[in-house]
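Please keep the sequence and the 3D view open while reading.

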Amino acid sequence: MRARRLLGLVAAASLLLVFSGCAAPTAAPAPAATGPVVSFYGDSYTRGTGASANDKRWSTIISAERGWQEINRSENGLGFVNRRASMGPGLDDIPAQVIADDPDLVFVTMGLNDNFSYDRAADRIRETIDSDLERLREGVPDARIVVVEPFWYTADRPASVDVIAGWVEDAAARIDADHIAGASHWLDGHYADSTDSWMAADGLHPNDTGYAYMAERMDAALRALDPPL
């Protein structure tokens with residue numbers, strides 16, 4: 001069994017179904033890496049939809065910098081509730097896939113798409129946030145878990161964005177996971193209708209410039225953790 005100590009890790013160092021029609025890089029692990037196994041559980045913003053290639057998405061950038069073995073389990077349109085029942089056999093329970101990866105480190109970057117179900121499913125969203133994170137903690141008890149505030153994609157910001165972000169933060173604290181705040185604002189001023197847009201042609205996802213900036217912000221946030229990653 002691989003060593004899982006946190007210091008070892010340090011040393012080794014959407015939106016509904018409409019997003020499903022956008023081209024996205026594949027989710028294959030990087031074959032050249034030999035460091036800790038890192039599993040990413042997220043939506044299209046972690047899958048890298050809108051990027052020109054796998055190595056341009058933020059998850060692959062930070063993994064390559066640290067020598068991590070990236071396994072990207074993210075899916076277009078996925079939320080804690082959104083699209084969960086329509087993913088098909090195997091994909092309808094990605095937390096189980098993450099657990100089966102036997103990772104040293106887990107990233108959870110979910111919640112953006114649940115804003116579109118909030119009015120009819122708020123209670124279920126909150127319950128599933130709790131159950132997903134609890135399952136991950138129980139399923140990979142020795143892994144370090146990093147829970148990231150849900151990303152956002154427009155200047156128009158419904159109240160549900162901050163509500164869901166709060167639920168995610170609270171759930172992270174309950175399982176003793178690291179939490180990265182502020183990610184929903186990382187693309188502020190660079191949305192599709194901005195003069196200096198960092199969005200892809202679909203207007204919904206970051207382009208290579210946007211993902212590069214997200215990688216910079218994530219890198220800084222990870223280095224600020226205690227212990228840093």
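1. Start with Ser 63. This residue counts as buried because its relative accessibility is 2%, under the 20% cut-off. Keep in mind that this is a predicted model. Ser 63 sits in helix H3, residues 58-66. Leaving aside residues up to four places away in sequence, Ser 63 touches Phe 40, Trp 68 and Glu 70.

2. Trp 58 belongs to helix H3. Is Trp 58 buried or exposed? At 0% relative accessibility, Trp 58 counts as buried. Its contacts, not counting residues up to four places away in sequence, include Phe 40, Tyr 45, Thr 46, Phe 107, Thr 109 and Phe 151. Tyr 211, Met 214, Ala 215 and Met 218 are also among them. Check Met 214 in particular. Trp 58 and Met 214 are 156 residues apart along the chain, yet 6.0 Å separates their C-alpha atoms.

3. H7 covers residues 208-223 and has 16 residues. From first C-alpha to last, H7 reaches 22 Å, close to the 22 Å expected at 1.5 Å a residue. Its buried residues are Gly 210, Tyr 211, Met 214, Ala 215, Met 218, Asp 219, Ala 221 and Leu 222. Their cover includes helix H2 (44-47), H3, strand S3 (105-109), S4 and S5.

4. Now the overall layout. The protein has seven helices and five strands. Along the sequence the pattern reads α-β-α-α-β-α-β-α-β-α-β-α. Of the 229 residues, 54% are buried.

5. Helix H6 deserves a look down its axis. H6 has 16 residues and reaches 23 Å from its first C-alpha to its last, close to the 22 Å expected at 1.5 Å a residue. Which residues of H6 are buried? They are Ser 160, Val 161, Ile 164, Ala 165, Trp 167, Val 168, Ala 171 and Ala 172. Seen down the axis of H6, these buried residues fall within an arc of 160°, so they line one face of the helix. An α-helix has 3.6 residues a turn, so residues three or four places apart point the same way. On the other side of H6, Ala 159, Ala 173 and Arg 174 are exposed. H5, strand S4 (144-148) and strand S5 (178-180) are among the elements that cover the buried residues of H6.

6. The largest cavity has a volume of about 30 Å³. What lines the largest cavity? The lining is Arg 126, Ile 129, Asp 130, Trp 167, Asp 170 and Arg 174. Helix H5 (118-139) and helix H6 (159-174) each supply at least two of the lining residues. By class, the lining holds two nonpolar, no polar and four charged residues.

7. Asp 176 is not a glycine, yet has a positive phi of about 60°. Asp 176 lies in the loop between H6 and S5. At 68% relative accessibility, Asp 176 counts as exposed. Arg 83, also not a glycine, has a positive phi of about 65°. Arg 83 lies in the loop between strand S2 (69-72) and helix H4 (94-100). At 25% relative accessibility, Arg 83 counts as partly exposed. Finally, Asp 226 and Pro 227 are joined by a cis peptide bond, with omega about -5°. Pro 227 is in the segment after H7.

Notes. Residues are numbered from 1 along each chain as its sequence is written. This is a predicted model: local features need pLDDT of at least 70, side-chain atom pairs count only at pLDDT 80 or more; totals for chains, interfaces and linings use all residues. Side-chain values use heavy atoms; hydrogens and water are left out. On a 1 Å grid over the protein atoms alone, a cavity is a set of points where a 1.4 Å probe fits but cannot get out, and a pocket is an open set with protein on both sides within 12 Å along at least five of seven lines; lining residues have an atom within 4 Å of a point. Grid points are joined across faces, edges and corners, and a volume is the space filled by probe spheres set on the points. Helices (H or I, at least four residues) and strands (E, at least two) are DSSP runs, numbered from the N terminus. Ala, Val, Leu, Ile, Met, Phe, Trp, Tyr, Cys and Pro count as nonpolar, Asp, Glu, Lys and Arg as charged, and the others, Gly among them, as polar. The expected span of a helix is 1.5 Å times one less than its number of residues. Buried means under 20% relative accessible area, exposed over 50%, partly exposed in between (1.4 Å probe, protein chains only). The arc is that of the directions from the helix axis to the C-beta atoms. Contact means heavy atoms within 4.5 Å.
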